[in-house]
Amino acid sequence: TLTGTPSGPTTFNSQGTFIITWTYTDGNGNSSQQTQTVIVDDTIAPLANVTNLPAVTGQCSATASAPTATDNCAGTLTGTPSGPTTFNSQGTFTITWTYTDSAGNSIQQDQQVEITDTTDPNTVSSPSDITEPLDGNCEFIIPDYTGMVTATDNCDSDLDYTQDPAAGTIVSGHMTETVITVSSSDDAGNASSSSFTLTVINQTPLSITCPADIMVQNDNGLCSAQVLFANPVTSDACSTVSVIRTDSSGLNSGDQFPIGITTITYMATDEAGNTSYCGHNIVVENTEAPVVSGIEE
């Protein structure tokens, strides 16, 4: 038995077809040859190291890291993406990773990238409770308060603001309290709100007009005079008015007023507590001459 002697290496580590020539020689110098073909052909595709790639998630953006696969010849292979691996907008995206060995064997696997903003905006500043007066029409038109509210968001720098009740809503009545709610929302539909109380008060002045001063003579034989006078006239654009006497004379229209000056005073008060005052004088003059008696002629 003779063992062949190769014409070159017998181990090959690269793809291709190689020829080995084997020579058999006996002790007398007689020899023969034969050739052998060696074919190195990698037909095995790489194997992904993770069977199912987990979804890459983010609130505002997300970046996927390249996964790997193992090849029977090349060892560890890094996936090549089908497109971008960083995403900065809301939505679901698919990256197709391809692993290819030097022999051209390849496999692919998909990975989802999910960007979903679930964080509500954060209200930074909001007005405290506000008190406003009624206007000349006894109303208050709610303005746009959205500019008084500031909010920040993790993703959206341009938030939308809405108000309830809306600007332009009319409020009337003294001490009317209305809760104003301002909401901020981002592009993903997340929203937060802040509220404050708007109190509308009646500061419209009221008026009260008393009768003019009255000057009369005493009644015959009396140190007084019966006096008639009208009630004061009041006006208020926004509420009813109540009137009370504030003097201490105790005398009313039609009573006998003593000689001298009696001052009648009034206070008018509306439903909002606004007040106004007026007064007038009743002057009784003693014009009766004295009667002489007890003199004999």
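Two strands pair if DSSP finds at least two bridges between them. Helices (H or I, at least four residues) and strands (E, at least two) are DSSP runs, numbered from the N terminus. The model shown is predicted: local features need pLDDT of at least 70, side-chain atom pairs count only at pLDDT 80 or more, and totals for chains, interfaces and linings use all residues. Residues are numbered from 1 along each chain as its sequence is written, and side-chain values use heavy atoms, with hydrogens and water left out.

**View A. The hairpin of strands E2 and E3.** Strand E2 (residues 16-25) runs antiparallel to strand E3 (residues 31-40), and 10 bridges link the pair. Trp-22 has Gln-34 of E3 opposite it. Five residues separate the two strands, and in this turn Gly-29 has a positive phi of about 85°.

View B. The side chains of Thr-98 and Gln-108 are joined by a polar contact of 3.0 Å. A polar contact is a pair of N or O atoms within 3.5 Å; within protein, one must be able to donate a hydrogen and the other to accept it, and residues adjacent in sequence count only if both atoms are side-chain atoms. With neighbours within four places in sequence left aside, Thr-98 is in contact (heavy atoms within 4.5 Å) with Thr-78, Gly-79, Thr-80, Ser-106, Ile-107 and Gln-108.

**View C. The cis peptide bond between Asp-164 and Pro-165.** Omega of this bond is near -5°. Pro-165 sits in the loop between strand E17 (160-164) and strand E18 (170-172).

**View D. Positive phi at Cys-138 and Met-175.** Cys-138, not a glycine, has a phi of about 60° and belongs to the loop between strand E14 (130-133) and strand E15 (139-141). Met-175, likewise a residue other than glycine, has phi near 60° and lies in the loop between E18 and strand E19 (176-185). Buried means under 20% relative accessible area, exposed over 50%, and partly exposed in between (1.4 Å probe, protein chains only). Cys-138 is therefore buried at 14% relative accessibility, whereas Met-175 is partly exposed at 46%.

**View E. Stacked aromatic pairs.** Rings of Phe, Tyr and Trp (its six-membered ring) pair if their centres lie within 6.5 Å; planes under 30 degrees apart count as stacked, over 60 as edge-to-face and the rest as tilted. The whole structure holds four aromatic pairs. One of them is the stacked pair of Phe-12 and Phe-18, at 4.4 Å centre to centre with 15° between the planes. Phe-87 and Phe-93 are also stacked, because their ring centres are 4.5 Å apart and their planes are at 15°. Phe-87 is buried, at 12% relative accessible area; Phe-93 is partly exposed, at 21%.
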